[in-house]
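Hi everyone, thanks for coming. Please take a moment with the sequence and the picture, and then I'll walk you through some parts of it.

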Amino acid sequence: MSRHRALASLRGLAFLFLLLASVVRPSLAAPAKPNVIVILVDDLGWADLGCYGSRFHLTPNLDRLAHDGTRFTDAYSACTVCSPTRAALLTGKSPARLHLTDWIAGHPAPKARLSPPDWSKRLDPSEPTIASRLKSAGYTTASIGKWHLGQDTTPEQFGFDLNVAGDHRGQPPRYIAPYNLPKLPDGPDGEFLTDRECSEALAFIEKNRSNPFFVYLPHYAVHTPLAGKSNVVAKYTARTPDAQRNPTYAALLESVDDSVGRIRSKLDALGIATNTVILFTSDNGGLVLGGDHRATSNFPLRSGKGDVYEGGVRVPLIALWPGVTRPGSTVSTPVQTMDLYPTLLEITGTEDAAGHDRDGLSIAPLLHGKGIAQRSLFWHYPHYHPGGATPYGAVRSGDWKLIQFYESSHLELYNLASDLGEQQDLANALPEKANALAKDLADWRSRVGAQMPARNPAYEPSPIAARPDGSFLLPAHLGTTHGKNLQYEPPAHKNTIGFWTIPEDWVGWDLDVRKPGLYEVEILQGCGTGSGGSEVEISLGDARRMFTVMETGGFQKFMSRRLGTLEVRSPGRLSFEIRPRRKPGGAVMDVRQVLLTPIP
Ligand SMILES: [Ca+2]
């Protein structure tokens, strides 16, 4: 080959290389890190959005977000109240592991059966957070809205470059300016807080349009004190009420929906929508306290904020990851607040802090349309809630949900596939399932170092009220046992007052009896072969009668027996008691429940 031809072919090769390089370059270069926006709504219920079935609330922007992205049908908050879920979202740790298990500062119940553990009333600033991780990866970070993670902690201690409106408080003094929020300069009189939070987010996004940013937007809405713009409230007042029917709450929710719409318009206008991930969720279930004036309804779910049932913990979750989430897709795999931390690390290609002991699992594969490993979700709430909930733990495993009430270790078991409203407790019908899940729950508690409540020496029982039909249901787990051996035995196959080997031991229930007259007594009693024949006295106030225990073929083979009537002459706080007088066999009996029915 001549020198000239060799040079020519070298030039040709160089040209080819340049051509190839220019074609290949886009995929060789590191992809731009996606921006991340997490919108957390306070107390938003599972059924509150149009795309989750609401017929009363109007949420076109959130419905469009679900239409463009992925909607989770079985997403759960880490807790039924606020602060623990926020801590879990930021750290990827379960509230039980953080020992931050109630809303700050919690609800004292000095006369309750149990005392809460010495729980943490602040998020420890040494905890790695999603903000501090993303900041270390080059993100500019902002927290705009409610913080509520301790009297003396602020977002700046946890990796946020900017804090707008966040401090110790769990609700705004008011939604209409002047706000009286020290971390938010007041706007013009009449400005609405949700709009302002959104405007602050838009300004931050615009300023950081050219570098990766993380916006944590925990709106103060839709928490009390409920408020809405008057023209929007008027619009809902004119709508046909449904299970949801509060026009002020609907107007407040619409301000959140507006916020989502404005953020997406801004991303479009700045040309960064295709490189911005949006996650939208709530910190606990919808508020259903307050009777006719309640904020919302979580129907078909049972109960709401603060309670162990699905209405307290199942929440909306919508994800939009442009180019990855399939438009209009839904995911029914159960996921939980703690999952957002590892998910965002994966989406942004960010390393976790060394030795960080987190609980969540990345749900990024679900956003790709793939699956994640089978696992159970857990809750731990060793506290009393003003709405009436008592300390509990719970586990969701497949279609099953098991609840353990810590006062007595009593179990309830539901199949959510066939019974979403948790109406049919199957614990006694399927004791093996219930006991196995109770063991999973106990094992998880010890793995994460959950703090348990303790017996309260100052306990004063509150009396059981009559049911709407005037009858009293006295379940074994609400009885108070006296003596040496007699106790409530919680495993689902037992669920009984048992170990009645000492005839001096006895059990009682305190009742608030308002109506005098005769009450028919029906007992669910079991007794093993060879132990029958004990003579037992039952009493209600000063009325008493005797009965003889019948053998039923086993202590946990319960049989319903009518024992006759007891007459209440002086209503008031009365005790129903069961006291053996003679025990011929090894044990007296097992008692699962007593029913007192007034005779008309
Ligand atoms: Ca909340």
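Let me begin with a definition: two strands pair if DSSP finds at least two bridges between them. Helices (H or I, at least four residues) and strands (E, at least two) are themselves DSSP runs, numbered from the N terminus. Residues are numbered from 1 along each chain as its sequence is written. This is a predicted model, in which local features need pLDDT of at least 70 and side-chain atom pairs count only at pLDDT 80 or more, while totals for chains, interfaces and linings use all residues.

Now, with pairing in mind, look at β13, residues 400–405: six bridges join β13 to β14, and the two strands run antiparallel. Across that pair, Gln-404 stands opposite Leu-411 of β14.

Which strands make up the sheet, and in what order? There are four, arranged β11-β12-β13-β14 in an open sheet with antiparallel pairing. At the edges sit β11 (377–381) and β14 (410–415), each of which pairs on one side only. From one strand to the next, the twist averages 10°. All the angles I mention between directions run from 0 to 180 degrees between N-to-C directions, and axes are lines fitted to C-alpha atoms, for helices over the stretch in contact.

A helix packs on this sheet too: α12, residues 431–448, touches β11, β12 (392–397), β13 and β14. The direction of α12 makes about 70° with that of β13. By contact I mean that the C-beta atoms of two residues, placed from the backbone, lie within 7 Å.

In the loop between β14 and α12 you'll find Glu-422. Its phi is near 50°, a positive value in a residue other than glycine. For background, most residues other than glycine have a negative phi, and most peptide bonds are trans.

That brings us to another loop, the one between β6 (213–218) and α7, where Val-222 is found. The peptide bond from Ala-221 to Val-222 is cis, with omega near 5°. Pro-225 also has its place in the loop between β6 and α7, and a cis peptide bond with omega about 0° joins Thr-224 to Pro-225.

Next, the helices. Two packed helices are described by the angle between their axes and the distance between the axes.

Start with α7 (residues 230–237), which packs with α8 (residues 247–270) at an angle of about 125°, their axes 8 Å apart. That makes α7 oblique to α8; angles under 35 degrees count as roughly parallel, over 145 as roughly antiparallel, 65 to 115 as roughly perpendicular and the rest as oblique. The contact involves Val-232, Val-233, Tyr-236 and Thr-237 of α7, with Pro-247, Thr-248, Ala-250, Ala-251 and Glu-254 on the α8 side.

What about α6, residues 193–207, and α8: at what angle do they cross? Roughly 15°, with the axes coming within 9 Å. The two helices α6 and α8 are therefore roughly parallel to each other. Among the residues of α6 that meet α8 are Cys-198, Leu-202 and Ile-205, and those on α8 include Val-256, Ile-263 and Leu-270.

Finally, α2 (residues 60–68) packs with α8 at about 50°, with the axes 7 Å apart. So α2 and α8 are oblique to each other. Pro-60, Asn-61, Leu-62 and Leu-65 of α2 make the contact with Asp-257, Asp-258, Val-260 and Gly-261 of α8.

How confident is the predictor? That is what pLDDT tells us for each residue, from 0 to 100. The protein chain averages a pLDDT of 95, and 95% of the residues score at least 70. Over residues 18–28, though, pLDDT stays under 50, and the model has zero contacts there beyond four places in sequence.

Key: pLDDT is the predictor's confidence in each residue, from 0 to 100.
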